[in-house]
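Open your viewer and load the model. Keep the selection tool at hand.

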Amino acid sequence: MIEQLLIYPLLLQMALAIILMFAWNNTSTQKFISISGSTLNLALAVYLLMYVWQNGTQTVQAGNWEAPFGITFVADTFSATLVLLTAIAGLAVSSFSSGSVIPPRLKFGYFPIFHFLLLGLNGAFLTGDIFNLYVWFEIIIITSFVLLTIGGEKAQLEGAVKYFTLNILASVIFLTAIAVLYGLTGSLNMADLAAQVAAVENRTLVQVNALLFLVGFGIKAAVFPLYFWLPASYHTPPSAVSSIFGGLLTKVGVYALIRVFTLIFELDNLLENVLLVIAVLTLFSGAIGAIVQNNIRKIFSYLVICHIGYMIAGLGMMTEVAIAGAVFYLIHDIIVKTNLFMVSGVIYKLKANHNIKKLGDIYADFPKMSLLFVIPLFSLVGIPPLSGFWPKLSLIGAGWDTENYVVIGSILFASFVTLFVIVKLWGEVFWKNGEKLPELRNFPYFKTLTSVQKVQMVAPIVFLGLVSLYIGFAAENIQQLASRIAFELLDNQEYIDAVLNSAKK
Amino acid sequence: MLTAILSGFFFSLFLVFAGKFFKGKLAVLSALVPLGLFVYFASFIKRVSEGEIITQQYEWVPSFGVNLNFTLDGLSLLFSLLITGIGFLVFAYTAEYLKGHKYLDRFYGYLGMFMGAMLGLVLSDNLISLFVFWELTSISSFFLIGFNNTSQASRRSAILALAVTGSGGFLFLAGSLLLGGVAGTYSITEMVNLSPEIIGSPFYLWIVILLFGAAFTKSAQFPFHFWLPGAMKAPTPVSTYLHSATMVKAGIYLLLRFTPVLGGEEIWNTTLIIIGGITMFYSAVHTLFRTDLKGVLAYSTISVLGILVFLIGLGTEYALTAAAVYIVVHALYKATLFLVTGIIDHETGTRDVTVLSGLRKVMMPVAIAGFLAAISSAGMPPTIGFVGKDLVYESTLHMGDWSTVLTILAISTNVLVLYAGFVAGIKPFTGRLPERHSKVHMPGFLMWLPPMILALLGLIIGIYPAFIDGPIVKGVVKAVGMAGEEVHLKLWHGFNFILLLSAITLTLGILLYFLLKPSKKREKAIAKFDFIAPKELILKFGSGVWHFSNLWTRVFQNGFLRNYVSTIILFLVVLVGYSLFNGEQEFYIDFSSFSRMTYYEMILMGIMFLSVLFVVGARSRLTAVVAMGVVGYAICLMFVIYSAPDLAMTQFSIDTLTVILFVLVLSSLPKYLSISDYKMRIIDGVLSIGFGLLITLISLEVLSEPVNKDVSNFYADNAYILAKGKNVVNVILVDFRGSDTLIEISVLTVAALGVFSLLKLRLKRDDRELKD
Amino acid sequence: MKNRFLANILLTFIWVALTGSFAFANVVFGFFLSYFLLFIITRGSGRARYFRLVPKVVSFFFFFSYELIKANIQVAWEVGTPSFHMKPGIVAVPLDVTSDGEITMLANLITLTPGTLSLDVSEDKKVLYVYSMYITNREDFIRGIKNGFEKRIIELYS
Amino acid sequence: MEVLLAFMIGTLYASGIYMILRRSLVKLIIGIILIGNGANLLIFLLGRIAKGSPPIIPGDSKVFIEAYSDPLPQALILTAIVISFGLQSFAIILVKRAHKVVKTDDLDEMNATDEFS
Amino acid sequence: MISVIIAVIATLGTLFVLLAAVGILRMPDTYLRMAVTTKAATLGIGLILIAAAIYFYDFSTTTRVLAIILFILLTAPVGAHLIGKASYISGNKLWEGSIMDDLKGKYRKTGKHVSAPKNPEGENEQEEEEI
Amino acid sequence: MKTIILRTASNYMLPLLLVFSVFILLRGHYLPGGGFVGGLIASIAFVLHAFANGLGNTKNLIRIHPGFLMPVGLGLSFLSGLSPMLGVGKPFMTGIWYPEKIAVIGGLGSALFFDVGVYLVVVGVTLTIIFTISEST
Amino acid sequence: MTLDDYLYYIILPVLSVSILLVFVRFVKGPTISDRVVAVDLLVTSGIGIIAVYSILTHQPTFLDIALILALIGFLGTVAYSFYIQKRKNK
Ligand code: NA
Ligand code: NA
């Protein structure tokens with residue numbers, strides 16, 4: 001049974017979702033199931049990564065059909081790492097949701113849908129089949145739609161219309177790309193496609209196909225000029241939802257880009273330039289977008305976009321160092337962004353406001369909590385030696401190696417703006433004397449929560465904070481992981497062998 | 001040494017949890033931490049002065065070549081002693097200065113963190129580790145400047161300071177990585193040996209520019225100096241410690257540290273002389289226009305930092321010795337002056353030098369300390385300031401062609417620095433004690449003793465310069481790559497030209513002090529020129545950036561979904577279209593591979609095409625929906641014709657259900673109006689047709705390519721034999737690719753849950769505020 | 001009880017017809033399937049008497065086919081020639097049939113006959129509103145329906 | 001025949017995008033449905049089409065005797081169609097709710113979430 | 001021989017379908033179009049299906065064809081009735097050559113619900129939740 | 001829409017359509033059909049009934065909330081995918097078959113249960129969506 | 001002339017023309033009821049075309065689709081008329 005270890009997280013999430021649906025109205029049972037299930041999931045994910053680390057890439061041929069005929073699930077180090085990150089963020093947000101999401105939403109399927117989302121994320125990371133990836137993307141999309149709109153407030157709906165349209169558009173483009181890919185090769189298995197695509201004579205069509213994937217995934221990853229759905233919507237749902245969105249949703253797009261452009265397509269000159277130009281403009285647009293915002297979650301939203309630029313830049317430079325940098329950044333970013341949106345959620349519960357102009361006093365009123373919040377905030381900035389710092393070493397170093405000076409400049413610019421924005425936010429939200437905000441009668445202020453709820457909200461911030469600190473201070477471990485991932489991505493033979501020859505083993 | 005560095009951090013961490021115990025009388029105990037460290041570092045003086053270099057090595061992130069290798073040589077030792085020594089006095093002083101302050105524990109926490117970071121900075125041999133600590137000093141500085149965080153001015157100053165030093169930090173990072181890449185190591189010790197290769201590399205210029213960026217921002221060189229006067233918003237102990245004695249000298253440290261690696265080249269020396277020269281004179285002049293004691297001191301600090309850069313730029317052994325001495329001199333007297341200012345501020349409640357006078361009558365020991373510091377800053381014998389100033393003139397006079405200009409510059413600067421020192425150290429204590437200050441009393445000894453100690457030290461080592469010459473200054477000079485044989489510190493060089501220059505300096509300075517009283521009027525007058533001051537220019541630039549950002553963000557994130565869609569489609573069409581028509585393979589379509597057209601297919605397509613147009617042009621919602629239905633049915637028939645019965649069934653059922661859905665909600669859907677104007681329709685039409693055409697062309701070219709059908713053939717061959725089904729499509733759905741289907745029904749389930757919650761979950765009016 | 005059983009048999013028969021297999025197992029399965037479905041959906045309302053139905057259905061079928069073809073030719077003439085000769089209108093036809101099943105059947109048969117169309121049944125189920133292409137005279141039209149379809153339906157149901 | 005079909009697909013993509021760009025909520029959904037149909041047909045076409053040979057193994061044989069059309073794209077499209085149905089249903093309701101809550105049909109007026117606060 | 005029978009039946013069926021098509025195009029109002037088409041098409045399609053049943057000549061196909069015909073016979077008139085009624089209620093006028101309209105004025109406005117013809121006794125109609 | 005005609009017709013059509021939907025479901029492995037189409041037809045049957053008889057009556061008819069079918073169906077499909085792992089140690093979704101042919105449905109295997117699960121989910125989803133919408137308009 | 005040819009060259013074209021005629025009515029309207037009637041007839045004619053096509057391709061399988069069309073197409077009509085009526089009531 002250990003051979004199938006890698007799909008256990010999928011099975012677990014699916015089982016959780018189904019069980020949670022049976023417990024439709026019983027929110028306290030749901031909380032218990034969700035948190036304990038997520039804990040189990042974390043244990044599985046840790047074990048999976050360790051197992052993959054020691055025993056190499058693992059595969060499961062679903063239905064016992066050997067590749068490329070069935071659907072293959074693959075856990076290489078990259079996938080296993082992302083599954084682990086999803087598990088970490090998942091556990092954190094599960095707990096945070098238990099504490100923060102208001103009962104009406106919980107009674108309308110919040111938790112089952114949440115676990116369907118985690119299922120989708122895990123599936124997207126683990127699948128080795130391009131159409132299966134599309135299906136996972138769809139479940140991610142539909143769950144995110146529902147989580148985005150659950151409660152149906154005005155802002156939620158307005159944001160959701162844009163989110164919906166543009167993500168559907170991305171799916172259509174993705175599907176178009178799959179159609180072309182299938183039309184050229186007759187295959188869907190990504191490992192098989194590596195060889196099949198290489199064998200296609202018409203390289204122009206291969207390039208066209210690659211560009212279609214680039215645009216499709218680019219929308220999901222929220223890169224310039226395709227990111228519009230993100231700032232329009234991320235600040236509208238409950239904070240718990242924003243957290244999982246901010247941490248993981250765009251990263252699936254990044255994952256897919258990295259996977260497709262290391263496994264199936266080779267970067268030619270055009271693609272490389274396109275990626276780098278996109279990266280630079282993404283860094284730029286995201287950064288300056290964050291400067292002008294006043295809503296905490298909007299600031300974070302733009303920073304989500306901005307920092308995607310780092311990863312795309314790493315992919316575009318396509319050296320082992322660069323990819324390692326991108327992967328390291330991805331690891332760091334998932335943890336930190338999830339945490340930041342949770343922080344914004346706690347701040348909201350404290351003051352019932354998201355506007356940094358109106359907020360204030362938090363350092364004076366909640367000093368320990370503020371210091372706790374410093375961890376994700378400064379990790380995000382990449383204050384050395386916190387987690388965001390290390391990948392920049394790789395990225396800038398790779399920039400010098402490949403003589404991409406504009407990329408270096410953009411990375412520095414984005415880092416600087418991030419620093420500035422976070423520091424400004426700190427000054428406004430934590431230091432300043434805030435406005436006198438009206439007391440809302442029914443608002444679930446933090447102080448009115450039960451102590452269990454308080455713990456459920458703060459503990460995940462502590463947990464992710466500790467993970468961030470681990471990433472920063474034990475950067476060696478993470479860098480080794482990132483390097484091995486980069487190595488495996490660039491030398492994809494192990495992946496291909498694991499998928500295509502596993503039946504013969 | 002790691003322990004030494006970490007002790008600062010541990011101390012801060014400790015205060016986070018045990019802070020409340022340290023707000024009261026126990027606070028002074030925290031001074032034991034720097035004191036212990038001072039003793040620890042002092043114990044190395046002998047070994048270091050004998051030329052030994054003490055190293056300690058710890059692994060950290062070997063993958064990046066980053067380690068915690070610490071090196072204690074003369075330069076590091078000087079800085080370590082300053083950091084811990086002045087740290088000790090400042091810690092002690094603070095216990096009194098902020099006695100009873102609500103956040104005293106925080107303050108100590110930041111100070112401890114800063115001390116640790118600063119020690120790390122000066123001890124690291126690894127460039128990246130050095131950078132790590134470098135940034136941490138900026139962060140501690142940020143928290144300390146913003147300590148009075150409810151004041152908007154404090155917050156602004158903190159952010160501005162961090163913005164400037166932080167941007168320098170990023171340049172530093174880029175430079176470090178470049179340098180590390182060129183050298184193949186991040187070890188500074190190893191880089192010294194590789195100096196010729198580094199200087200010879202094509203990246204040398206880049207490296208120098210980037211490191212200068214770091215040093216100039218941190219050490220407040222023109223035009224990046226402006227953050228430092230703002231940093232005076234911090235409580236005085238901070239100004240004393242960070243913004244005069246230690247942190248601002250990190251840039252100086254960096255330049256000194258890299259002199260043996262990168263120095264000796266013209267670009268290095270010239271740039272430093274010019275920037276240092278401008279800085280020292282420009283800011284010295286500024287002291288004439290300040291009335292706030294801390295403002296005066298801030299500008300004079302910048303001026304001295306300029307002098308130091310200037311000296312490093314001169315680059316001779318004289319100059320570097322002068323720099324080493326000047327670091328000590330300045331640390332001693334400027335710290336004293338700041339502490340004195342702090343006392344004045346603390347006791348009288350004002351730092352406005354125009355209203356301060358006669359305070360000697362109420363605080364004689366403070367006045368003495370101020371006086372000693374002032375004469376040291378003036379470079380009067382027998383203070384160490386005198387020794388330092390002599391060395392400066394000595395250095396400038398050795399500069400050949402430029403010696404006259406440089407010397408005059410140095411003299412002018414020193415005159416003004418003298419003025420500033422007198423204004424800060426003497427002016428408040430002389431003259432008549434105003435009525436409202438008559439009740440002012442002596443501060444506790446914890447406050448007046450530290451400046452007194454520093455002032456006396458300045459006097460003592462002025463009289464016995466050998467006290468620091470051998471043990472410390474020589475070490476610094478050797479550490480920066482000089483022989484250390486040429487120059488020996490002496491108080492008295494006899495009557496010579498340099499003494500004459502000193503005399504001129506003193507005379508002019510004292511004259512200036514008596515002729516030009518600090519005045520508000522002057523301060524206001526200079527404010528008129530603020531608009532061309534670097535700070536204002538940079539702030540204007542910043543506001544320009546803000547406006548540009550605002551514009552850019554509004555242009556792209558303009559709120560109009562249609563613009564978002566058009567942008568994405570345009571991007572796709574241009575990119576993919578470019579690729580399709582400019583790729584290796586010329587665009588071609590192989591019509592011969594296509595099947596024959598039959599009339600019924602054409603009719604079907606015709607109907608479908610017209611229906612689509614009908615949908616697009618329909619005036620009413622229902623008509624559009626009905627026409628959509630026709631499109632769906634046509635597709636269904638198409639699936640029949642092209643051998644896909646399962647698809648036909650599914651398409652038809654789903655189409656019907658979609659129609660039902662529409663019909664059920666149609667009356668609550670908005671009216672079906674044509675809102676967009678004619679021009680938009682044309683533009684959108686062109687874009688859409690371009691997009692559609694692109695898809696058509698791509699698909700035709702793909703169809704002209706051969707395709708491998710192994711996978712499908714496998715399904716067909718094994719559907720019955722292995723999977724026991726004859727409808728291959730269904731076998732694929734439930735077996736070969738059953739995982740797709742499992743997720744697909746999950747998608748459906750979630751969609752249904754979504755519909756359910758969208759329609760059933762209505763927050764009641766009372767629940768509107770129930771937010772999460 | 002009886003009705004349900006009959007419905008069950010009928011559905012079983014349809015099942016067998018659909019699957020095209022008279023195999024015993026298939027019949028049994030069909031029976032249980034129908035039983036199960038009926039269990040789900042029936043709510044004790046009265047159903048028609050199926051047994052007596054069959055022979056009447058057959059004779060009725062021929063009658064109906066005749067009507068259908070006759071009317072179709074009439075309509076073909078109308079449609080196929082250039083000018084219109086029709087005199088259309090809506091007629092209220094009083095009903096003698098009472099049960100829902102009978103009314104529905106009558107209405108459907110009228111509709112299926114070319115040239116006529118059942119538009120609605122009054123709330124009290126006493127009047128059927130029929131649209132027709134050829135109305136020479138209201139009474140003749142009503143009589144035509146009452147003596148034709150309605151009579152036969154009453155026979156069928158009795 | 002492929003040419004006509006390709007042209008039809010292009011038409012569906014074009015009209016889909018055109019409708020999405022029309023500012024109206026209902027047109028938006030119709031656009032999404034049209035373009036979704038286009039994508040499905042594209043998979044169908046690029047999987048190569050064949051007339052009159054459904055991928056169903058005839059009565060008593062165990063394998064295909066005659067030509068059969070590629071079953072895989074059909075299975076993919078079936079999945080895609082069903083998924084689209086789920087999304088479309090949700091979209092229709094989303095639009096209904098949005099219209100009711102925001103009280104406009106004009107997408108141009110639905111930009112509060114993009115406004116700077 | 002079988003082929004000829006099939007051809008003849010199919011031809012007949014097709015002609016009826018054509019008839020319906022011409023009818024729907026030519027007839028001057030909605031009711032006439034409905035009156036002409038429902039049955040013509042039903043008959044036509046029935047015939048074509050019978051042709052198919054004869055062609056394949058096996059039990060399952062035949063039963064299936066019969067099922068289709070049955071379904072059409074059941075649904076087509078109901079559909080026509082529904083459209084006709086809806087059309088009338090929505091105010092679709094009769095052709096100008098019409099000679100009588102017994103339904104005129106039978107649909108009343110009740111504010112919420114207008115679909116039922118007036119009945120003389122004025123019974124309380126029970127409101128049902130309808131979709 | 002209160003019409004006797006539609007109501008009566010729909011009462012005949014409901015069982016017909018349901019039988020037909022099961023037929024389509026069961027034969028899916030051999031001929032066109034399967035869980036999706038079967039489920040869609042079954043839901044259409046109920047929707048038709050609801051159009052004719054009012055939603056309340058249809059709901060009474062079904063008794064359980066259709067939404068309940070979703071976890072049930074999903075669970076069934078999931079378990080049938082899981083069964084080879086638990087039963088015979090084969091990978092997830094491996095088809096396991098009862099060796100003998102069974103009357104009516106042909107081969108009996110996990111794929112059939114899977115398809116039944118799909119059927120239930122589709123019915124549950126469609127009815128949940130349509131009923132919810134009807135109730136809210 | 002074989003049966004297939006007859007169907008292909010005579011029957012199917014006539015059915016196609018019929019469908020075109022119906023489609024013209026669909027486009028012309030003028031009322032929504034006319035369109036619905038036209039769609040209804042389109043579906044019905046579609047059943048005929050499918051039946052002929054299944055003979056032409058010797059695939060009885062296609063008759064199943066005809067069956068579905070017959071069953072389900074009706075529901076579309078129900079829905080439209082429901083809407084037409086409801087719209088009037090508003
Ligand atoms: Na005529
Ligand atoms: Na009739």
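Before the first stop, note that the model is predicted.

**Stop 1: chain E**

Select chain E and colour by secondary structure.

Next, think about what is covered. Chain E has 131 residues, and 61% of them are buried.

Then look at the contacts within chain E. Take those with a separation of 6 or more: 52% of them join residues 24 or more positions apart.

**Stop 2: the sodium ion**

Select ligand 2, the sodium ion, and show the residues of chain C around it. Which atoms coordinate this ion? Ile110(C), Thr111(C) and Thr113(C) each give an O atom. Thr116(C) gives N, O and OG1. The distances run from 1.8 to 3.2 Å.

Now check the angles. The sodium ion (ligand 2) has 6 donor atoms, with angles of 50 to 167 degrees among them. The site is irregular. Along the sequence, the donor residues are spaced I-T-x1-T-x2-T.

Are they buried or exposed? Thr111(C) has a relative accessible area of 0%, so it is buried. Thr113(C) is at 8%, so it counts as buried too. The cut-off for buried is under 20%.

**Stop 3: chains A and B**

Together the two chains bury about 10,400 Å², with 75% of it on carbon and sulfur atoms. In chain B, select Phe64(B), Phe170(B) and Asp772(B): these lose the most area to chain A. Together they make up 8% of what the chain B side buries.

Look for charged pairs next. The interface of chain B and chain A has 2 salt bridges. To see a salt bridge, select Asp129(A) and Arg737(B). Their closest N and O atoms are 2.7 Å apart.

**Stop 4: chains G and B**

Keep chain B and bring in chain G. Each chain puts 34 residues into this contact. Chain G and chain B bury about 3,200 Å² between them. Carbon and sulfur atoms carry 82% of that. How many salt bridges cross the interface of chain G and chain B? The count is 0.

Definitions and conventions:
Residues numbered from 1 in each chain as written. Chains lettered and ligands numbered in written order. Predicted model: local features only at pLDDT ≥ 70, side-chain atom pairs only at ≥ 80, totals over all residues. Heavy atoms only, no water. Buried < 20%, exposed > 50% of the residue type's maximum accessible area, 1.4 Å probe, protein only. Contact = heavy atoms within 4.5 Å. Donors = N, O, S within 2.8 Å, 3.2 Å for Na, K, Ca; no water. Tetrahedral: all angles 85-135°; square planar, octahedral: opposite > 155°, others 65-115°. Buried area = accessible area lost by both parts, 1.4 Å probe. Salt bridge = Lys/Arg side-chain N within 4 Å of Asp/Glu carboxyl O.
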